[in-house]
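Let's take a walk through this fold together, starting with a helix and ending in a loop. Keep the viewer open and follow along as we go.

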Amino acid sequence: MIIRIFGIFGLIISLYLIYAYDFSKNIICIGSGCEIVANSSYSKFLNISLPYWGFLFYLSVIVLTFIKKLENFLLFILVVGAIFSIYLTIVELLIIKAVCIWCLLSAFCSWIMGINAVLSNVKK
């Protein structure tokens, strides 16, 4: 249940960032960190904006929570997503030297889901 809830939060964040990146070009943010991060060379992966990857990630997670047979695959995706979010947060802090609150909220969702999945799997 926790994974679904944070998956929905992450999906909403991703949808907002898709809109802000590609349609409005105006990100509501505390300070200028979001604009700096969005305009950096790290805002794309394989030439696709990270919010689209986030959307795909969160949507996949939500769908996979309903498919019991793919529980191990969901665990794998959540761990990879959490690690990728750690990497992106480090990039924000150490390389870009700007913080995007939306990115941190998305990372938090990813970390909570990953930790929850690992702990749930350990209990089994």
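Predicted model: local features only at pLDDT ≥ 70, side-chain atom pairs only at ≥ 80, totals over all residues.

An α-helix has 3.6 residues a turn, so residues three or four places apart point the same way. Helix α1 covers residues 2-24, and its end C-alpha atoms lie 31 Å apart, which agrees with the 33 Å that 23 residues should span at 1.5 Å a residue. Just after α1 comes Lys25, with a positive phi of about 60 degrees.

Now turn to helix α3, residues 50-64. Its 15 residues reach 21 Å from the first C-alpha to the last, close to the expected 21 Å. Here the buried residues are Leu50, Pro51, Gly54, Phe57, Tyr58, Val61, Ile62 and Leu64.

What do these helices build together? The largest nonpolar core has 29 residues, and Ile27, Phe57, Val61, Leu78 and Met113 have the most contacts inside it. Two or more residues each come from α1, α2 (33-38), α3, α4 and α5 (101-123). Helix α1 gives the largest share, 8 residues.

Next, follow the chain to the loop between α3 and α4 (71-96), where you will find Thr65. Is Thr65 buried or exposed? With a relative accessible area of 18%, Thr65 counts as buried because the cut-off is under 20%. The side chain of Thr65 makes a polar contact with the side chain of Arg4 at 2.9 Å. Beyond its neighbours within four places in sequence, Thr65 is in contact with Ile3, Arg4 and Leu74.

Finally, have a look at the loop between β1 (44-45) and β2 (48-49), which holds Leu46 and also Asn47. Most residues other than glycine have a negative phi. Leu46, however, has a positive phi near 55 degrees, and the phi of Asn47 is positive too, near 65 degrees. Leu46 is exposed, with a relative accessible area of 63%, and Asn47 is exposed as well, at 66%.

Notes:
Residues numbered from 1 in each chain as written. Heavy atoms only, no water. Helix = DSSP H or I, 4+ residues; strand = E, 2+ residues; numbered from the N terminus. Buried < 20%, exposed > 50% of the residue type's maximum accessible area, 1.4 Å probe, protein only. Polar contact = N/O pair within 3.5 Å; in protein donor to acceptor, adjacent residues only side chain to side chain. Contact = heavy atoms within 4.5 Å. Expected span 1.5 Å × (residues − 1). Core = buried A, V, L, I, M, F, W, Y, C linked by side-chain atoms within 4.5 Å.
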